[in-house]
Amino acid sequence: MNVVIAGGHGQIALRLARLLAARGDTVLSMIRNPAHEEDVRAAGAGPVLCDLESASVEEVADVVSGADAVVFAAGAGPGSGAARKDTVDRAASVLLADAAERAGVRDFVQISAMGAGEPPAPGRDDVWAAYIRAKGEAEDDLRARGALDWLILRPGRLTDDPGTGRVLLAEPPVGRGEVTRDDVAAVVAAVLDAPAARRRTLDLLGGDTPVEAAVAALS
Ligand SMILES: NC(=O)c1ccc[n+]([C@@H]2O[C@H](COP(=O)([O-])OP(=O)(O)OC[C@H]3O[C@@H](n4cnc5c(N)ncnc54)[C@H](OP(=O)(O)O)[C@@H]3O)[C@@H](O)[C@H]2O)c1
């Protein structure tokens, strides 16, 4: 299949590109920094420059046109302030969804975050509050769309430990916990191959169920 990954130089995105390219999919990775092109190519994807905080919906629609699926793997990242939580974690997701609709691409997998849209826990700072508000609003935007077959994945705290191949993937709430970026990428790759598993919002943690079985159980 043809897959476009937004936030294509992200840590999950590069892992996902490697998995998809290895199984023969064609991957286009949207990045905003030309210096990232080489890493994207090394992962087996084709880089395309597109800054999701400044691109128009027409420009993004051109990029995703002809894709079978888009994956939103972008994020303002640690160290960014509240404003970029809104312009990336919310607005860039909305832009990608608008562009997918315009281009007639129905399949949309969003990497959100556990706790999206919930009130921040006591003691969390304003940037965290802005982050989970932005993720929640991006999710709400997707859930309101009739023209997209969306799937929202909400990983717990991400780690760079080697993947285990086993996860807990279920409707919230499942409790707090961690999941490796390897395992998140494996789940995204598997759900792209499971088109019946859509219009669901799912928490994702490390767990006991093999990824393929966890995804098969959704359909
Ligand atoms: N950290 C956690 O524990 C955690 C937990 C749950 C969910 N998540 C979410 O999971 C997702 C993926 O995580 P990750 O660790 O793979 O993220 P990451 O490594 O920070 O990657 C995010 C990517 O988004 C890109 N990006 C930022 N602004 C952009 C823009 N304007 N246009 C295009 N791309 C832009 C970044 O590009 P640049 O390099 O150019 O900035 C970066 O490559 C994120 O949405 C994150 O919020 C994180």
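Strand 8, residues 166-170, is joined to strand 10, residues 200-206, by 4 bridges, and the two run antiparallel. Strands here are DSSP runs of E, at least two residues long, and helices are runs of H or I of at least four, both numbered from the N terminus. This is a predicted model, in which local features need pLDDT of at least 70 and side-chain atom pairs count only at pLDDT 80 or more, while totals for chains, interfaces and linings use all residues. Residue numbers start from 1 along each chain as its sequence is written.

Within that pair, Val167 sits opposite Gly206 of strand 10. Strand 8 also has 2 bridges to strand 11, again antiparallel, and there Arg166 has Pro210 as its bridge partner. As for its faces, Val167 and Leu169 make up the covered one, and Arg166, Leu168 and Ala170 the uncovered one.

Next, helix 1. Helix 1 has 12 residues and spans 17 Å from first C-alpha to last, close to the expected 16 Å, which is 1.5 Å times one less than the number of residues. Its buried residues are Ile12, Ala13, Leu14, Arg15, Leu16, Ala17 and Leu20. Buried means 20 or more other C-beta atoms within 10 Å of the residue's own, exposed means 12 or fewer, and partly exposed is in between, with C-beta atoms placed from the backbone. These buried residues pack against several elements, including strand 1 (2-6), strand 5 (107-111) and helix 6 (181-192); contact means C-beta atoms, placed from the backbone, within 7 Å. After helix 1 comes Gly24, with a positive phi near 100°.

Which element gives the most to the shell around the ligand? Helix 1 does, with 3 residues. The ligand is surrounded by 24 residues, the closest being Gly7, Gly10, Ile12, Leu52 and Gly75; a residue counts as near if its C-beta atom, placed from the backbone, lies within 6 Å. Helix 4 (82-103) and strand 7 (157-159) are among the elements that each supply at least two.

Last, the record: an unreviewed UniProt entry lists residues 7-195 as "domain: NAD(P)-binding". Over residues 7-195 the chain is 41% helix and 20% strand.

How values were computed: UniProt positions renumbered as here; feature names shortened; annotations may be inferred. Contact = placed C-beta atoms within 7 Å. Pairing = 2+ DSSP bridges.
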